[in-house]
Amino acid sequence: MMKLDWKKAGAAVAISSALLGGSVAFAQTSTTTDTTTTGTTAGAPNTGAGGDATTTLLMLGITGVAVLGGVTYLARKSLA
Amino acid sequence: MTTNKAVLAATLVSAALFGAILVHATVYAPDDYAPPNVAAATSSPIDPVRISIPSLSIDAAVQHVGINTKGNVGTPNNFTDVAWYQGSVAPGALGTAILDGHVDNGLQLAGVFKHLADITVGSDIYISAKNGTRLHFKVRDIVNYPYTAVPMADMLAQDLRPEIALITCEGAWVAGEKTYDHRLVVYATLASP
C-alpha cells in the first residue's frame, strides 16, 4: 500500500515539475497595445484557436491526473 | 511530512494549471484584449454595442479593439463577443467598418462566428448602438482569402459606401503560426439607417 502511494506522489511531483518547466500551449498569448490611428493598415485578425485543441486536451489530461494523484495520495495518508 | 508538503504543493500547482488552461481555452482570449481607451478616429454615426444576424441566430455584444502587438487587428477577449476595429470607420459611416469574431475556442467548441460561412448574400445584419440606434446591413459578398492576403488596406481605404466587413478564421490550422490559413470575409452594405 505504502509503495503504491509513493509512486503516485512521485508521479504527481514529476508531472507538475514538467509542467512548470515546459510550455503550456495557449491559443493566444501576446498582450495588446491599443495604438489605433486612422488608416493604419493592420494585419488580418487571428480569430481561431481550435487547432490547438489536441494539445490543450493533453495538458488538461496531464494536469487533471496530477491533481487526482495528489489528492488520492494525501487522502490516503491522512486516513492512515 | 516533507513528502506530504511536496505532494500538496504539486497538487495545488497542477490544479492551478488545470484551471488556467481550461479558462484560457474556453472563456478568455487575452491576446485580443484591447481596452477601448482610444476614441474612434473617424466620425461615429453609431457607437456599436451589439450585432445581430437573425439567419445565423447570432446576437452578440460588440467590443472595441485596436491593433495587437503582432500588428494585427485585435479580436474579442472571449469567444462569444464580436469586436469592432476602431481603426476602421464606425458602422454606418462611409467606408468599411471591420468587425471580427472567433470561429472556435481552444477546445474547438463553437465561437460566435462558427457558422458565418453559412450566411448567404442578401442576409440581414443589424448593428445596434448604445443610444438605441439600429443600422440594417445586407450581405453583398462573401469571400475566402488566404490569411496572408486579406485586403485590409483596401477595406480601410474604401469609402464609396457605408459597409461592414465581418471577419473570421477558416481553413486548416497552421501550427507554426497558431492560426488558420484562411479568413472568411462577409461584406454587407447599409440598407437603411
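Trainee: How many helices and strands are there in chain B?
Mentor: This is a predicted model. Read from the N terminus on, the elements of chain B run α-β-β-β-β-β-β-α-β-β. The tally is two helices and eight strands.

Trainee: In which order do the eight strands run around the closed barrel?
Mentor: Pairing in this closed barrel of chain B is mixed. From one strand to the next, the twist averages 35°. The order is β1-β2-β3-β4-β7-β8-β6-β5.

Trainee: Why is strand β4 of chain B largely enclosed by the rest of the structure?
Mentor: A residue is buried if 20 or more other C-beta atoms lie within 10 Å of its own. Strand β4 of chain B covers residues 95-101. It is largely enclosed because the buried residues number seven of seven.

Trainee: Which residue in β8(B) is the bridge partner of B:N144?
Mentor: Strand β6 of chain B spans residues 134-146, and β8(B) spans residues 179-192. They pair in the antiparallel sense over ten bridges. The partner of B:N144 is B:L184.

Trainee: What share of the residues of chain B count as buried?
Mentor: The C-alpha atoms of chain B fill a box of roughly 75 × 35 × 30 Å along the principal axes. Chain B has 193 residues. The buried share is 50%.

Conventions
Residues are numbered from 1 along each chain as its sequence is written. Chains are lettered from A and ligands numbered from 1 in the order in which they are written. This is a predicted model: local features need pLDDT of at least 70, side-chain atom pairs count only at pLDDT 80 or more; totals for chains, interfaces and linings use all residues. Two strands pair if DSSP finds at least two bridges between them. Helices (H or I, at least four residues) and strands (E, at least two) are DSSP runs, numbered from the N terminus. Axes are lines fitted to C-alpha atoms, for helices over the stretch in contact, and angles run from 0 to 180 degrees between N-to-C directions. A residue is buried if 20 or more other C-beta atoms lie within 10 Å of its own, exposed if 12 or fewer, and partly exposed in between; C-beta atoms are placed from the backbone.
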